[in-house]
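Hello,

Here is the structure I promised to pass on to you. Have a look at it first, and then read my notes below.

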Amino acid sequence: MSTQPPVIAIDGPSSSGKGTVASKVAERLGWNLLDSGALYRGVAWAALQRGIALDDDAALASMTRQLVFDIKPGSIHIDNADVTQAIREEPISVGSSRVARLGPVRDALRIVQTGMRRPPGLVADGRDMGTVVFPSAELKVFLDASVEERARRRHKQLIDKGSNVSLSDLFASLGARDERDRSRPVSPLRADDDAVMIDTTSMSISAVVDEVLRHAVQRSLTGGGAKSGT
Ligand code: C5P
């Protein structure tokens with residue numbers, strides 16, 4: 001039996017709902033949360049700040065190894081700069097999937113990610129949480145939704161934040177980002193063989209959270225039960 005704190009790995013494509021679901025599951029269980037996408041976004045942000053081209057593989061790798069991440073619930077700092085909001089901008093979304101194709105960048109970030117496996121447990125969301133970073137995760141979930149629904153969700157998020165990006169532009173960039181994530185040779189986005197598959201296209205967030213918690217209970221991960229939802 002593993003002596004390490006348990007992990008629930010939640011993977012899936014962009015805007016499949018995994019970020020929101022992971023944070024609610026972590027809250028209900030009282031566990032730690034890892035939004036691994038924020039790290040890749042942070043690398044893209046840092047590269048743009050420093051004027052490092054996103055095709056300069058060597059410079060990106062060496063920069064990533066030197067970054068100091070400070071991840072707290074609801075905030076992320078890089079080298080003491082609060083980047084919580086800045087990394088959510090659309091150019092950073094696009095840049096993050098470009099830096100994510102690099103093995104050395106992924107290796108450096110893997111050290112940060114595994115360091116977050118702390119008691120009482122970790123809910124980790126991303127693309128390769130179940131396949132590469134936490135292959136021994138006690139529960140692996142793969143969330144998916146149609147690309148139309150995912151573009152619509154992301155569009156609403158950005159419009160609510162005051163951005164005026166068009167739905168058709170977003171549809172195209174989301175599709176391109178998915179394609180890069182699925183087809184890269186290193187740690188491509190894919191469901192592990194033992195992952196629970198959930199199609200969230202016509203499900204509410206709370207229904208998805210309940211479904212994930214149901215699997216957690218089945219695997220005796222809740223240690224006396226989750227807090228009830230609000
Ligand atoms: O999840 P999010 O959309 O914030 O992730 C941004 C990008 O970071 C993804 O498009 C993907 O290229 C990359 N990523 C990754 N592996 C992870 C998490 C994110 O490659 N575990």
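**Around the ligand**

A polar side-chain atom of D128 sits 2.8 Å from a nitrogen atom of the ligand. I call such a pair a polar contact, meaning N or O atoms within 3.5 Å; within protein, one must be able to donate a hydrogen and the other to accept it, and residues adjacent in sequence count only if both atoms are side-chain atoms. On its own the ligand has 450 Å² of accessible area, and the protein covers 97% of that (Shrake-Rupley method, 1.4 Å probe).

Before going on, please note that this is a predicted model, in which local features need pLDDT of at least 70 and side-chain atom pairs count only at pLDDT 80 or more, while totals for chains, interfaces and linings use all residues. Residues are numbered from 1 along each chain as its sequence is written, and side-chain values use heavy atoms, with hydrogens and water left out.

The shell around the ligand holds 16 residues, and R41, R106, R127, D128 and D181 are the closest (a residue is counted if one of its heavy atoms lies within 4 Å). Eight of the shell residues are charged, five polar and three nonpolar; Gly counts as polar here. Which helix gives the most to this shell? That is α2, with four residues, and α2 (36-50), α4 (90-99) and α8 (167-183) each supply at least two. Helices are DSSP runs of H or I with at least four residues, and strands are runs of E with at least two. Domain 1 (7-31 + 120-218) and domain 2 (35-118) each give at least three residues to the shell, with bounds from an automatic or database domain assignment.

**One cavity**

The whole structure was searched, and one cavity of 30 Å³ or more turned up. A cavity is a set of points on a 1 Å grid over the protein atoms alone where a 1.4 Å probe fits but cannot get out; lining residues have an atom within 4 Å of a point. β7 provides the largest share of the lining, three residues.

**Two backbone details**

The peptide bond from P119 to P120 is cis, with omega near 0°. D79 has a positive phi of about 45° although it is not a glycine, and D79 lies in the loop between β4 (75-78) and β5 (81-82).

Enjoy exploring!

Methods
1 Å grid on protein atoms, 1.4 Å probe; cavity = no way out; pocket = protein on both sides within 12 Å on 5 of 7 lines; lining within 4 Å. Points joined across faces, edges and corners; volume = space filled by probe spheres on them.
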